[in-house]
Amino acid sequence: MTSSRVSSEAGPIRMSLSSRFENIEMAQHLCGKLLEPYDLPEETRHWILMALREALANAIKHGNAQDLAKRVHLDMDVVDDALQLTIRDEGAGFDPAGVADPLAPENRLKTSGRGIFYMKTFMDEVRFRPVDGGGMEIFLKKHLTRDGKKEEKGR
Amino acid sequence: MKTSVREAPGGVQILDLKGKITIGSGDIQLRETINKLVEEGKKNILINMQDVTTIDSSGIGELVGCYTSVTNKGGKLKLLHLPPKISDVLTVTQLITVFDVYESESEAVASFAA
């Protein structure tokens, strides 16, 4: 097979999770495994996993409204040294443009509305897409520096 | 998350938190602990964050909610020993300027009398 795509050694991971917050850490653990070949600063790794946490929490709470009959679909892969995460819920969807700016003075002390902001802060790319048939898909991307790849550094 | 409350001079309540303040795990617990203190008339509260390992937007939201409810009751809620990552999370959302944050417990306790 000829392909210029450099995928992770673990390969793509595709999961379907029930709408429980307890599942967030399991997904974070597997995402951490995907990042293992990369000698990332501990902070970078932490922020990536936080962005994933926020996206999953969003899908479980706001998307699926914690309805156990609805699933959260998660795809994770490293392609061309970039981590790509796709999180899809089965909820009613929402308008990302309608989410209030948490930095605006009038929103500063609100108790919610920071999850998307954190995703955008910690990742290189964040996209939202309504899914045909219902649900919202969030795509997150983070470049993992090639220089930092363990096996290349060590040789 | 584990919580424990101790009383410092001047009636300041120090709330020691240990573990995660994340959605479905610690966020509600934080709110209930603070609400209970406020209901008991204990309105000067110092949250010791030293052993908080993880926080997410829900945990941050609860911290903000606690700050507002204590302030609205005429009390003060301050933070002690913020781990660097939690400080970063508060900084990017410009909340770090909302909270009084201390590195020294004695200084923090004394500040309530000011």
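A residue counts as buried when its relative accessible area is under 20%, as exposed when that area is over 50%, and as partly exposed in between. Keep these cut-offs in mind during the tour. The model on screen is a predicted one.

**Stop 1**

Select Lys142(A). Its relative accessibility is 17%, so Lys142(A) counts as buried. Lys142(A) belongs to strand β5 of chain A, while Asp124(A) sits in the loop between α3 and β4 of that chain; the two residues are 18 apart and link distant parts of the chain.

**Stop 2: chain A as a whole**

Show chain A as a cartoon. Following the sequence, they come in the pattern β-α-α-β-β-α-β-β-α. Chain A has 155 residues, of which 49% count as buried. Take the contacts in chain A between residues at least 6 apart in sequence: 64% of them join residues at least 24 apart.

**Stop 3: the sheet of chain A**

Colour the strands of chain A. They form an open sheet of 5 strands in the order β1-β2-β3-β5-β4, and the pairing is antiparallel. Which strands are at the edges? They are β1 and β4 (125-130) of chain A, each of which pairs on one side only. On average, neighbouring strands in this sheet are turned by 15 degrees against each other, direction ignored.

Zoom in on β3(A) and β5(A), an antiparallel pair joined by 7 bridges. Select Gln84(A) to see one example: its bridge partner in β5(A) is Lys141(A).

Next, bring back the helices. α1(A) lies across β1, β2 and β3 of chain A and runs at about 170 degrees to β1(A). α3(A) lies across β4 and β5 of chain A, at about 135 degrees to β4(A).

**Stop 4: the largest nonpolar core**

Select Leu52(A), Leu56(A), Met76(A), Leu83(A), Leu85(A), Ile87(A) and Leu140(A). These residues have the most contacts inside the largest nonpolar core, which has 35 residues. Elements that give two or more residues to this core include β1 (13-18), α1 (23-35) and β2 (71-79) of chain A. The most comes from α2(A), with 9 residues.

Centre the view on Leu140(A). Beyond its neighbours within four places in sequence, its contacts include Ala51(A), Leu52(A), Ala55(A), Met119(A) and Val126(A).

**Stop 5: a loop residue in chain A**

Go to Ala65(A), in the loop between α2 and β2 of chain A. Is Ala65(A) buried or exposed? With 56% relative accessibility, Ala65(A) counts as exposed. Its phi is near 50 degrees, a positive value in a residue other than glycine.

**Stop 6: the sheet of chain B**

Switch to chain B. Here, too, is an open sheet of 5 strands; the order is β1-β2-β3-β4-β5 and the pairing is mixed. Its edge strands are β1 (2-8) and β5 (101-102) of chain B.

β1(B) runs antiparallel to β2 (residues 12-21) of chain B, and 7 bridges join them. Across this pair, Glu7(B) stands opposite Gln13(B). Then select Arg6(B) and Asp16(B), whose side chains meet in a salt bridge of 2.6 Å, N to O. Arg6(B) lies in β1 and Asp16(B) in β2 of chain B, so the pair ties together parts 10 residues apart in sequence.

Move on to strand β3 (residues 44-55) of chain B, which pairs with β4(B) in the parallel sense over 5 bridges. 4 of the 5 residues of β4(B) are buried, so this strand is largely enclosed by the rest of the structure. Lys78(B), in β4 of chain B, is linked to Asp100(B), in the loop between α3 and β5. Their salt bridge is 3.7 Å, N to O.

**Stop 7: a buried charge**

Finish at Asp27(B), found in helix α1 (residues 27-39) of chain B. Asp27(B) is buried yet has no salt bridge; Arg31(B), the nearest side chain of opposite charge, is 6.0 Å away. Not counting residues up to four places away in sequence, Asp27(B) touches Ile21(B), Thr22(B), Ser58(B) and Glu62(B).

Terms used:
Residues numbered from 1 in each chain as written. Chains lettered and ligands numbered in written order. Predicted model: local features only at pLDDT ≥ 70, side-chain atom pairs only at ≥ 80, totals over all residues. Heavy atoms only, no water. Core = buried A, V, L, I, M, F, W, Y, C linked by side-chain atoms within 4.5 Å. Buried < 20%, exposed > 50% of the residue type's maximum accessible area, 1.4 Å probe, protein only. Contact = heavy atoms within 4.5 Å. Pairing = 2+ DSSP bridges. Axes fitted to C-alpha atoms, helices over the stretch in contact; angles between N-to-C directions. Lys, Arg positive; Asp, Glu negative; His and termini not counted. Salt bridge = Lys/Arg side-chain N within 4 Å of Asp/Glu carboxyl O.
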